[in-house]
Amino acid sequence: MKHYKGVFITLEGSEGVGKTSSLKFVEQQITALGHDVVTTREPGGTELAEQIRGILLAERQEPVESKTELLMMFAARYQHVTQVIKPALERGQWVICDRFVDASYAYQGGGRGIQVAQIEQLEHWCLEDFKPDLTLLLDMSVEEGLERTKKRGKADRFETEQLAFYENIRTAYLNRAKKDPQRMKIIDAAPSMQQVQKSIQQQLKSFVESYATPDL
Ligand SMILES: Nc1ncnc2c1ncn2[C@@H]1O[C@H](COP(=O)(O)OP(=O)(O)OP(=O)(O)O)[C@@H](O)[C@H]1O
Ligand SMILES: [Mg+2]
């Protein structure tokens with residue numbers, strides 16, 4: 001795997017678990033260590049990828065095929081990785097991203113039922129062995145997470161799915177974390193924001209202590 005000067009951190013988890021709120025906290029923590037931080041999100045992160053996001057999230061009459069959804073996610077991701085994420089890492093910046101490839105395994109895999117092997121093919125084609133250095137998986141009960149998103153107003157196409165869809169997403173995320181415990185750290189997202197931030201701080205601390213920046 002190619003080593004970059006910068007570090008790539010992703011935040012994952014189902015709806016309303018606190019990814020976007022936590023992203024800001026991670027940004028503050030890493031900035032306080034003196035690193036140059038870029039925050040971004042998926043799907044999106046470039047003008048084109050944000051347009052794909054709009055297409056993906058829009059409510060529509062026409063059913064969206066699971067493979068169409070998966071391919072659009074990867075189209076946006078490839079654009080984002082190539083145009084934004086890798087160049088920032090090359091410059092030595094720390095990139096913090098709200099969702100990344102694990103979300104495809106959780107949503108299009110666990111949620112929509114696409115086989116893991118098919119997602120792996122796309123991942124390999126588009127990303128080769130490029131992976132986040134650290135992934136914080138925010139985990140909590142599906143019902144409580146959805147309850148949090150309700151306060152935000154109108155639901156998008158993903159937020160109008162049935163409960164079973166989100167349960168499958170949660171399970172897929174947890175299974176991935178079990179398979180890759182070195183990279184993916186599970187954070188209990190149910191307690192207060194302050195407590196969640198404390199857990200995140202601990203994970204960042206042990207990551208930073210163990211992470212050796214490669215000599216380039
Ligand atoms: N630990 C917490 N306790 C209580 N409320 C929280 C907590 N974390 C986040 N929230 C609130 O829950 C709502 C959802 O949080 P946030 O938008 O960060 O979640 P998200 O994971 O980014 O959601 P989405 O998947 O929809 O993007 C926000 O109103 C936020 O203020
Ligand atoms: Mg969010």
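Guide: A residue is near a molecule if its C-beta atom, placed from the backbone, lies within 6 Å of it. Keep that in mind for the ligand. Note too that this is a predicted model.

Visitor: Which residues come nearest to ligand 1?

Guide: The shell around ligand 1 holds 15 residues. Gly18, Lys19, Thr20, Ser21 and Arg148 come nearest.

Visitor: How many residues of the shell around ligand 1 are nonpolar, polar or charged?

Guide: The shell has 7 polar residues, 5 charged ones and 3 nonpolar ones.

Visitor: Now the sheet. What is the order of its strands?

Guide: The sheet is open and has 5 strands. Read across it as S2-S3-S1-S4-S5. The pairing is parallel.

Visitor: Which are the edge strands?

Guide: An edge strand pairs on one side only. Here the edges are S2 (37-41) and S5 (184-188). From one strand to the next, the twist averages 20°.

Visitor: How many bridges join S1 to S4?

Guide: Strands pair if DSSP finds at least two bridges between them. S1 (residues 8-12) and S4 (residues 134-139) are joined by 4 bridges, and the two strands run parallel. Take Thr10 as an example: its bridge partner in S4 is Thr135.

Visitor: Which strands does H1 lie across?

Guide: H1 lies across S1, S2, S3 (94-98) and S4. Its direction is at about 170° to S3. H8 lies across S4 and S5, and runs at about 160° to S5.

Visitor: On to a helix pair. At what angle do H4 and H5 pack?

Guide: H4 spans residues 101-111, and H5 spans residues 116-127. They pack at an angle of about 155°, and their axes are 10 Å apart.

Visitor: Why are H4 and H5 called roughly antiparallel?

Guide: Angles over 145 degrees count as roughly antiparallel. The angle here is about 155°, so H4 and H5 are roughly antiparallel to each other. The crossing of H4 past H5 is right-handed.

Visitor: Which residues of H4 and H5 meet?

Guide: From H4 come Val101, Ser104, Tyr105, Gln108 and Gly109. They meet Val116, Ile119, Glu123 and Leu127 of H5. By class, this contact has 5 nonpolar, 3 polar and 1 charged residues.

Methods
Residues are numbered from 1 along each chain as its sequence is written. Chains are lettered from A and ligands numbered from 1 in the order in which they are written. This is a predicted model: local features need pLDDT of at least 70, side-chain atom pairs count only at pLDDT 80 or more; totals for chains, interfaces and linings use all residues. Axes are lines fitted to C-alpha atoms, for helices over the stretch in contact, and angles run from 0 to 180 degrees between N-to-C directions. Angles under 35 degrees count as roughly parallel, over 145 as roughly antiparallel, 65 to 115 as roughly perpendicular and the rest as oblique. A crossing is left-handed if the near helix is turned anticlockwise from the far one by less than a right angle, and right-handed if clockwise. Two residues are in contact if their C-beta atoms, placed from the backbone, lie within 7 Å. Ala, Val, Leu, Ile, Met, Phe, Trp, Tyr, Cys and Pro count as nonpolar, Asp, Glu, Lys and Arg as charged, and the others, Gly among them, as polar.
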